[in-house]
Amino acid sequence: MMDETGEEEEEEAWLQLRPVEPLPSQCCGSGCSPCVFDLYHRELARWEAARASKDSSLLSGEESQSCPSKLNPETFLAFRISAVDRLTKDTYRIRFALPRNSQLGLRPGQHLILRGKVDDLEIQRAYTPISPANAEGYFEVLIKCYQTGLMSRYVESWSAGDTAFWRGPFGDFFYKPNQYGELLMLASGTGLAPMVPVLQSITDNAEDETFVTLVGCFKTFEGIYLKTFLQEQARFWNVRTFFVLSQI
């Protein structure tokens, strides 16, 4: 029969295993499903069931994994940074390596969630890869850093060889070839990123006759992101691009 001290020790052990409720900063605010709070309530329910049955084996499972083989919306996977390209004073194109020339597995229109930590505060933000959906062995993201942004501080600390953690995919918009007769894309700055994989999937498919008009808003002509890519896309018969500049 367990004495009072033993019961207290057992209770303390279970409390240490209790999942920690996420901070508001850990929610990216993009309406992801599952959200970090959905995962928390799921883990809490599992903890309560394990505690009731006094079976800690029900809590087995790792928070993150390395050497990813498949994306998972519930689990953060580790990806190695293979290149950091500074496009402007505050904008970066970062390339992440995929093992064995595998593909990321996102459909055009979907995005990922990045996890960062600054001053012991965990934060999460949503980003859309700009690399082709069929890219093998890598994927790329376009990230603009802000002077007061917590995730910006984390991203600006990156260098080739570092590791970052992602989960996904997320997004309810799934583009299908010839689903629409015409698409109008309006983008401001790095808001261009979600448009890139959809646009490229259209021009890569000779059978897709969707007509695309892309309007990009930037400060200056020199500051247009992915300018070479956009100029190449504009050579296709079904693509028009317009740049709106706030400074001349």
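Q: What does "buried" mean for a residue here?
A: Buried means under 20% relative accessible area. The model is a predicted one. Of the 248 residues of its chain, 41% count as buried.

Q: Why is glutamine 124 called buried?
A: Its relative accessibility is 2%. The cut-off for buried is under 20%. Glutamine 124 therefore counts as buried. The residue is found in strand β5, which spans residues 121-127.

Q: What makes the pairing of glutamine 124 with glutamate 122 a polar contact?
A: The side chains of glutamine 124 and glutamate 122 are paired at 3.3 Å. A polar contact needs N or O atoms within 3.5 Å, one able to donate a hydrogen and the other to accept it. The pair is a polar contact between two side chains.

Q: Why is asparagine 101 called exposed?
A: Its relative accessible area is 57%. Exposed means over 50%. Asparagine 101 is therefore exposed. The residue lies in the loop between β3 (91-97) and β4 (111-118).

Q: Why is asparagine 178 called partly exposed?
A: Its relative accessible area is 41%. Partly exposed covers the range between the buried limit of 20% and the exposed limit of 50%. Asparagine 178 is therefore partly exposed. Its place is the loop between β7 and β8 (182-188).

Q: What makes the phi of asparagine 101 and of asparagine 178 worth a remark?
A: Most residues other than glycine have a negative phi. Asparagine 101 has a positive phi of about 55 degrees, and is not a glycine. Asparagine 178 also has a positive phi, of about 60 degrees, and is not a glycine either.

Q: What sets the peptide bond from glycine 168 to proline 169 apart?
A: Most peptide bonds are trans. The bond from glycine 168 to proline 169 is cis, with omega near 5 degrees. Proline 169 is found in strand β7 (residues 163-170).

Q: Why does glutamine 103 count as partly exposed?
A: Its relative accessibility is 43%. That class lies between 20% and 50%. So glutamine 103 counts as partly exposed. The residue is found in the loop between β3 and β4.

Q: How do you know that glutamine 103 touches residues beyond its sequence neighbours?
A: Contact means heavy atoms within 4.5 Å. Leaving aside residues up to four places away in sequence, glutamine 103 touches Leu98, Ala133, Asn134, Ala135 and Glu136. A polar atom of its side chain lies 3.3 Å from the backbone oxygen of asparagine 134.

Q: How does the lining of the largest cavity divide by residue class?
A: The lining has 10 nonpolar, 5 polar and 1 charged residues. Leu and Pro are among the types that count as nonpolar.

Q: What describes the chain as a whole?
A: The chain has 5 helices and 10 strands. Among contacts between residues at least 6 apart in sequence, 68% join residues at least 24 apart. The chain exposes about 14,300 Å², and carbon and sulfur atoms supply 48% of that area.

Technical notes:
Residues are numbered from 1 along each chain as its sequence is written. This is a predicted model: local features need pLDDT of at least 70, side-chain atom pairs count only at pLDDT 80 or more; totals for chains, interfaces and linings use all residues. Side-chain values use heavy atoms; hydrogens and water are left out. Helices (H or I, at least four residues) and strands (E, at least two) are DSSP runs, numbered from the N terminus. Buried means under 20% relative accessible area, exposed over 50%, partly exposed in between (1.4 Å probe, protein chains only). Accessible areas come from the Shrake-Rupley method with a 1.4 Å probe; for residues, only the protein chains shown count as cover.
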